[in-house]
Amino acid sequence: MSDKPGDRPASATDGEIGILARRRIEAGVIAPIYQELCARLGEDMAQAIIDAAIRKAAVEAGQAFAAKTPGGTSLRTFQELQSLWTQDDALIIAVDTATDEHFNYTVHRCRYAEMYREMGLGHIGHLLSCNRDYMFPQGYDPNIELERTQTLMEGAPCCDFKYRYVKKQDGQQ
């Protein structure tokens, strides 16, 4: 690290493209695979396979971000990652609480949902994005828990995110 003015400490977000751009690329690859799975196995099985694969990928992504988070993970470092999800105006949010123990916000516009609908994937958008919201923190820091009761992706007027930091006992997951 240099002492030049304007330098900042390393961050887990350094060199990362925004999540909206990443999801668009992924969806372009997943769409024909999903269509083929539907044709061969039926829609229910295709969705179950996509769901399981995306959940595993989200945990792995959380682990990868955790590994490059200087000084270790916390709910505060998790909050710093939010810029990747909101980049490119992907989410219009109102943060209600941002402390060491709670991170609550409401999403009023979700370009992820809009993008999936435009791509003809709106019916599986919750599998491609929303389910990650629960799984990513498990990989990033198992002490972070999410409660959410509704999503724009599934037709609600907003998404309500309530993350909390609950220190687990040793050996407890």
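## Contacts and overall layout

Among contacts between residues at least 6 apart in sequence, 59% join residues at least 24 apart. The model is predicted. The protein has 173 residues, of which 42% count as buried. Its exposed surface comes to about 9600 Å², with carbon and sulfur atoms supplying 51% of that area.

The protein contains 6 helices and 4 strands. Read from the N terminus, these elements follow the order α-α-α-β-β-α-α-α-β-β.

## Nonpolar core

The largest nonpolar core holds 41 residues, and the members that touch the most others are Tyr 112 and Tyr 163. Helix H1 (residues 19-41) contributes the largest share of this core, 7 residues.

Once neighbours within four places in sequence are set aside, the contacts of Tyr 112 are Ile 19, Leu 20, Arg 23, Leu 84, Trp 85, Ala 90, Leu 91, Ser 129 and Met 153.

## Strands S1 and S2

Strand S1 (residues 91-98) runs antiparallel to strand S2 (residues 102-110), and 7 bridges join the two. Ala 94 has Thr 106 in S2 as its bridge partner.

## Helix H6

Helix H6 spans residues 132-140 and is mostly covered, with 7 of its 9 residues buried. The buried residues are Arg 132, Asp 133, Met 135, Phe 136, Pro 137, Gly 139 and Tyr 140.

The cover over these buried residues includes the helices H1, H2 (43-67), H3 (75-86) and H5 (125-130). Strands S3 (144-147) and S4 (159-165) are also among the elements that cover them.

How values were computed: Residues are numbered from 1 along each chain as its sequence is written. This is a predicted model: local features need pLDDT of at least 70, side-chain atom pairs count only at pLDDT 80 or more; totals for chains, interfaces and linings use all residues. Side-chain values use heavy atoms; hydrogens and water are left out. A nonpolar core is a set of buried Ala, Val, Leu, Ile, Met, Phe, Trp, Tyr and Cys residues joined through side-chain atoms within 4.5 Å. Buried means under 20% relative accessible area, exposed over 50%, partly exposed in between (1.4 Å probe, protein chains only). Contact means heavy atoms within 4.5 Å. Two strands pair if DSSP finds at least two bridges between them. Accessible areas come from the Shrake-Rupley method with a 1.4 Å probe; for residues, only the protein chains shown count as cover.
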